[in-house]
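Take each task first, then follow the solution step by step.

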Amino acid sequence: MSPIDAYMKNSVETATPLQQVILLYDRAIIALKAAKDDIRHKDIQSKVSNLTRASDIIRALDSSLDFEKGGEIAHNLHLLYDFVLSQLPLVHARNDEKLLEDLVDILQNLKEGWEGIGSKI
């Protein structure tokens, strides 16, 4: 395990649930930004890998939603996650950097919302 992987593993294991959610957003955003670079450099294999990584993370975020406790907020997050997931194949097929930027903006706004919750706890 590389030092970076060890650091990330330790960060996740010692983080609160809220911090883990924020870390997941960070990782998804990093993967999407990397996919944008991959599009520019015509690196299809890396683009697919980064889009898959982002998709896996968003699916993990979606599967962690508690609709009973989260109510309308959980439902709205589910709709946003579903929208982002539905757009990733279009990004891949069209190499659509603008759509990719829009998806990053959505995740960045959600991440900032979670960070705002953390600052109030």
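**Exercise 1.** Work out how α4 and α5 are oriented relative to each other.

*Solution.* Start with the axes: those of α4 and α5 come within 10 Å and cross at roughly 155°. Axes here are lines fitted to C-alpha atoms, for helices over the stretch in contact, with angles from 0 to 180 degrees between N-to-C directions. Angles over 145 degrees count as roughly antiparallel, and α4 and α5 are therefore roughly antiparallel to each other.

Next, find who touches whom, contact meaning heavy atoms within 4.5 Å. From α4, the contact residues include Leu77, Tyr81 and Val84, and from α5 they include Leu103, Ile106 and Trp114. Sorted by class, this contact has 14 nonpolar residues, 1 polar and no charged.

This is a predicted model, where local features need pLDDT of at least 70, side-chain atom pairs count only at pLDDT 80 or more, and totals for chains, interfaces and linings use all residues. Residues are numbered from 1 along each chain as its sequence is written, and side-chain values use heavy atoms, leaving out hydrogens and water.

**Exercise 2.** Describe the largest pocket and its lining.

*Solution.* Begin with the volume, which is about 330 Å³. A pocket is an open set of points on a 1 Å grid where a 1.4 Å probe fits, with protein on both sides within 12 Å along at least five of seven lines; lining residues have an atom within 4 Å of a point.

Then look at the lining: of its 16 residues, the closest to the centre are Leu65, Ile73, Leu77, Trp114 and Ile117. Finally, α4 supplies the largest share, 6 residues.

Methods
Grid points are joined across faces, edges and corners, and a volume is the space filled by probe spheres set on the points. Helices (H or I, at least four residues) and strands (E, at least two) are DSSP runs, numbered from the N terminus. Angles under 35 degrees count as roughly parallel, over 145 as roughly antiparallel, 65 to 115 as roughly perpendicular and the rest as oblique. Ala, Val, Leu, Ile, Met, Phe, Trp, Tyr, Cys and Pro count as nonpolar, Asp, Glu, Lys and Arg as charged, and the others, Gly among them, as polar.
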